[in-house]
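Open the model in your viewer and keep the selection panel at hand. We will go from strand to strand, then to a pocket.

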Amino acid sequence: IKFEKFIKFFNGEDSTWTKSVEQQINFCEKVVHLQPELNAIITSGRIITVPSGTMFSDFDVLENYEYSTRISPIHTVIQDVTYQDVDVDSITSPFISNTLQDVASILAEIPDRTTSQVEPPVIEPSFEVKSGTGEDLSISLIVDPLSKSAQRVTPILMGFLEIFNCTLKVILSPVRSLSDMPLKNFYRYQMDTLSFDDNGKFLPSGIATFANLPQGTLLSTTISVPPSWLVLSSKCVYDLDNIVLENLPPDESALNAEFTLENILLEGTCLEMSNRGVPPRGLELILGDDINPHQQDSLVMSNLGYFQLKANPGVWTLQLAPGRANTIYQIKDKTKQHI
């Protein structure tokens, strides 16, 4: 717009320009839905708002982006199209340009699936359990009732209900079809809790009880503990691998067995740093405390330098055995000797 024409338009002397500007204002308000005092660019069928402080170089970036991601793929397709009832001479640059804009505008209306968000359906729980006020802890669980995971998590959640003011929501999600019974064992999880009698004396716990077991079926007992725990049967008059309850004497209504945590295994890896990390096969290690430094001993294996020592809860010191091992080698980081 020349300066003279702009002055006439600004003073209301040119009705042509006034009508043109009013049409543009109506287009921005009713078609583009552009809010007042906002700037925007219409490109490839999209309306992009322009923030304040935008530089001319930003428009170059936008132009290159629109061409490479939207216009160029459409233009490639249009070139391979055979037009009917259209004169070859009429397929000029404006025709191609208008076609590109029409196709880009249609594609711009299609939502991007990668950025669309679908609200998850609201699923009502199969049942809800609340202990106390239920305000301390809220747990939502989706579980297959005939899975091993359900066997293990159920007693833990029951323990939470006893200790905390807990709200538990459970959604049962069973398998639609089964060719075989997925559970072939009876499982109990013993979670010890601190309990005392009226006189303040600690009440021992740690008893897992099985009731209503099949009487004539051959049963066996297995303890599921952490891999580093060495648990052995300490008191039982029957073979725990061959249990038939109907064969018990008439005066015995139950089979009792006690298990003891004998040791906690201390496991680790030993490598020779001066020899490219090769395990020092046969290196002797000892484990003890300040009173008795040599209570357990073990040899480093050639397989990844693995070693294993029996221990119990407490503070222990890991050392090289006196003699040839202590003469040739030394522990690099002595701060990690205390375990």
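In which sense do E7 and strand E10 pair, and over how many bridges? Select residues 306–311 for E10 and look at E7 beside them: the pairing is antiparallel, over 6 bridges. This is a predicted model.

Click Leu230; its bridge partner in E7 is Asn263.

Keep both strands selected and turn to the largest pocket. The largest share, 4 residues, comes from E7. The volume of the pocket is about 1,800 Å³. To find its centre, select Ala208, Phe210, Thr221, Ile223 and Phe259, the nearest of 45 lining residues. Colour the lining by type: 25 residues are nonpolar, 14 polar and 6 charged.

Now move to another sheet. Which order do the strands of the open sheet of 3 take? The order is E9-E8-E11, with antiparallel pairing. E9 (296–299) and E11 (317–320) stand at the edges with a single partner strand each, so one side of each has no neighbour in the sheet. From one strand to the next, the twist averages 25°.

Finish on E8, residues 284–288: 4 bridges join E8 to E11, and the two run antiparallel. Select Leu287 and, opposite it in E11, Leu318.

How values were computed
Residues numbered from 1 in each chain as written. Predicted model: local features only at pLDDT ≥ 70, side-chain atom pairs only at ≥ 80, totals over all residues. Heavy atoms only, no water. 1 Å grid on protein atoms, 1.4 Å probe; cavity = no way out; pocket = protein on both sides within 12 Å on 5 of 7 lines; lining within 4 Å. Points joined across faces, edges and corners; volume = space filled by probe spheres on them. Nonpolar A, V, L, I, M, F, W, Y, C, P; charged D, E, K, R; others polar. Pairing = 2+ DSSP bridges. Axes fitted to C-alpha atoms, helices over the stretch in contact; angles between N-to-C directions.
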